[in-house]
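Please look through the structure below.

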Amino acid sequence: AVFPNPASSVVNLRYNSATPGTLNYRLMDMVGRVLITNSDEINTGVTNLQLSIADLAVASYMLEVSFSVNGTTLDRTSYKIEKLK
């Protein structure tokens, strides 16, 4: 889950995993330029992360989130994020 959306300063990312692995995410503008990228090792259960978008311009962005175990991607989802003032 990604919330709030639209957002002005912080987007929360909540992921529920059945196994430990790597949660990768990248925020791109609508042209496809990668603005923010990060990877976090997560454990089984719910993981909550915060992504600061305060310094970004008011616009639409794409957030791509993927989960992998031992280098194999098991899940990939994209979200359209609206940045407000």
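The strands named here are DSSP runs of E of at least two residues, numbered from the N terminus. With that naming, P6 falls in the loop between β1 and β2. The model is a predicted one.

Strands of a sheet pair through backbone hydrogen bonds, either parallel or antiparallel. Here three strands form an open sheet in the order β1-β2-β5, and the pairing is antiparallel. Its edges are β1 (2-3) and β5 (45-52), each of which pairs on one side only. Eight antiparallel bridges link β5 with β2, which covers residues 10-17. Among the partners across this pairing, Y15 has T47 in β5, and V10 has S52 in β5. Two bridges, again antiparallel, connect β1 with β2, and F3 is found opposite N12 of β2.

What kind of peptide bond joins F3 and P4? The bond is cis, with omega about -15°. P4 belongs to the loop between β1 and β2. The bond from N5 to P6 is also cis, and its omega is near 10°; P6 lies in that loop too. Most residues other than glycine have a negative phi, and most peptide bonds are trans.

A backbone angle stands out in another loop. N70 is not a glycine, yet its phi is positive, about 50°. N70 sits in the loop between β6 and β7 (72-82). Is N70 buried or exposed? Its relative accessibility is 77%, so N70 counts as exposed. Apart from neighbours within four places in sequence, S68 contacts G21, T22, N24, T73 and L74.

Next comes the interior. In soluble globular proteins, nonpolar side chains tend to be buried together. The largest nonpolar core in this model has 18 residues, and those with the most contacts inside it are L13, L23, Y25, L27, I53, L63 and I81. Two or more residues come from each of β2, β3 (21-29), β5 and β6. Which element gives the most to this core? β6 does, with four residues. Beyond four places in sequence, L13 has contacts that include A1, V2, L23, Y25 and V65.

The charged side chains form three salt bridges. In one of them, E64 pairs with R26, and the closest N and O atoms are 3.1 Å apart. E64 is in strand β6 and R26 in strand β3, so this pair ties together parts that are 38 residues apart in sequence. E64 counts as buried at 18% relative accessibility, while R26 is partly exposed at 31%.

Another salt bridge joins D29 to R33, with 2.6 Å between the closest N and O atoms. D29 is buried, with a relative accessibility of 12%, whereas R33 is exposed, with a relative accessible area of 53%. E82 and K80 also meet through their side chains in a salt bridge, at 3.6 Å from N to O. Here E82 is partly exposed at 28%, and K80 is partly exposed at 46%.

Conventions
Residues are numbered from 1 along each chain as its sequence is written. This is a predicted model: local features need pLDDT of at least 70, side-chain atom pairs count only at pLDDT 80 or more; totals for chains, interfaces and linings use all residues. Side-chain values use heavy atoms; hydrogens and water are left out. Contact means heavy atoms within 4.5 Å. Two strands pair if DSSP finds at least two bridges between them. Buried means under 20% relative accessible area, exposed over 50%, partly exposed in between (1.4 Å probe, protein chains only). A nonpolar core is a set of buried Ala, Val, Leu, Ile, Met, Phe, Trp, Tyr and Cys residues joined through side-chain atoms within 4.5 Å. A salt bridge is a side-chain nitrogen of Lys or Arg within 4 Å of a carboxyl oxygen of Asp or Glu.
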